[in-house]
Amino acid sequence: MSLSVAGDASIHADQTLLRRAVTNLLDNALRHAPAGSTVQVNLAGAGEEGGTCIRVVNAGPAIAPDVLPHIFGRFYRADPSRRNSASSTGLGLAIVDSIMRLHGGRASVSSSDGETVFSLLFPSGGDARPLAAA
Ligand SMILES: Nc1ncnc2c1ncn2[C@@H]1O[C@H](COP(=O)(O)OP(=O)(O)OP(=O)(O)O)[C@@H](O)[C@H]1O
Ligand SMILES: [Mg+2]
């Protein structure tokens with residue numbers, strides 16, 4: 001497995017929480033990506049909305065469209081074989097979602113054509129409110 005990091009951006013965020021959010025996405029990506037593939041981390045401006053986007057992209061079977069709306073829910077595990085797995089709690093993405101809300105941003109996902117993309121959207125500098133809602 002390879003990891004590529006591309007782009008350049010600055011983010012106003014709590015360092016520990018930012019690290020946790022990215023780690024949770026990488027943990028999932030590395031688990032679901034096929035051997036020999038490249039997991040990508042891309043940093044970029046978030047377009048018209050302003051702010052900054054961190055994207056974690058992995059190859060692998062697309063997540064079913066009916067699963068996507070639930071994927072950030074607590075204890076949600078899409079793969080039946082993981083439902084009773086001791087190594088999976090289904091909390092990783094719920095934590096990512098909470099961290100993004102604490103920063104006044106949001107997490108989103110898209111998955112199709114064998115590629116899954118999780119995006120962390122941070123608002124532009126002055127709007128970030130890490131821990132404000134804790
Ligand atoms: N990159 C991905 N590709 C395919 N499916 C994914 C991906 N990331 C998450 N999922 C699906 O979403 C479910 C929820 O992910 P989440 O990180 O919340 O829980 P988990 O990985 O099962 O457990 P935990 O992160 O608590 O160890 C996973 O069980 C998996 O089915
Ligand atoms: Mg996880």
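This is a predicted model: local features need pLDDT of at least 70, side-chain atom pairs count only at pLDDT 80 or more; totals for chains, interfaces and linings use all residues.
N58 sits in strand β3 (residues 52–59); strands (E, at least two residues) and helices (H or I, at least four) are DSSP runs numbered from the N terminus. Leaving aside residues up to four places away in sequence, N58 touches A29, H32, A33, V39, G114, E115 and T116, with contact taken as heavy atoms within 4.5 Å.

Strand β1 (residues 2–7) is another story: the count of buried residues among its six is zero. β1 runs parallel to strand β2 (residues 38–45), and six bridges join them; strands pair if DSSP finds at least two bridges between them. Within this pair, S4 stands opposite Q40 in β2.

Next come the helices. The axes of α1 (residues 15–32) and α2 (residues 92–102) come within 9 Å and cross at roughly 145 degrees; axes are lines fitted to C-alpha atoms, for helices over the stretch in contact, with angles from 0 to 180 degrees between N-to-C directions. From α1, L17, R20, A21, N24, L25 and N28 meet G92, L93, I95, V96, I99 and L102 in α2.

As for the ground rules, residues are numbered from 1 along each chain as its sequence is written, and chains are lettered from A and ligands numbered from 1 in the order written. Local features need pLDDT of at least 70 and side-chain atom pairs count only at pLDDT 80 or more, while totals for chains, interfaces and linings use all residues, and side-chain values use heavy atoms, leaving out hydrogens and water.

Notes. Buried means under 20% relative accessible area, exposed over 50%, partly exposed in between (1.4 Å probe, protein chains only).
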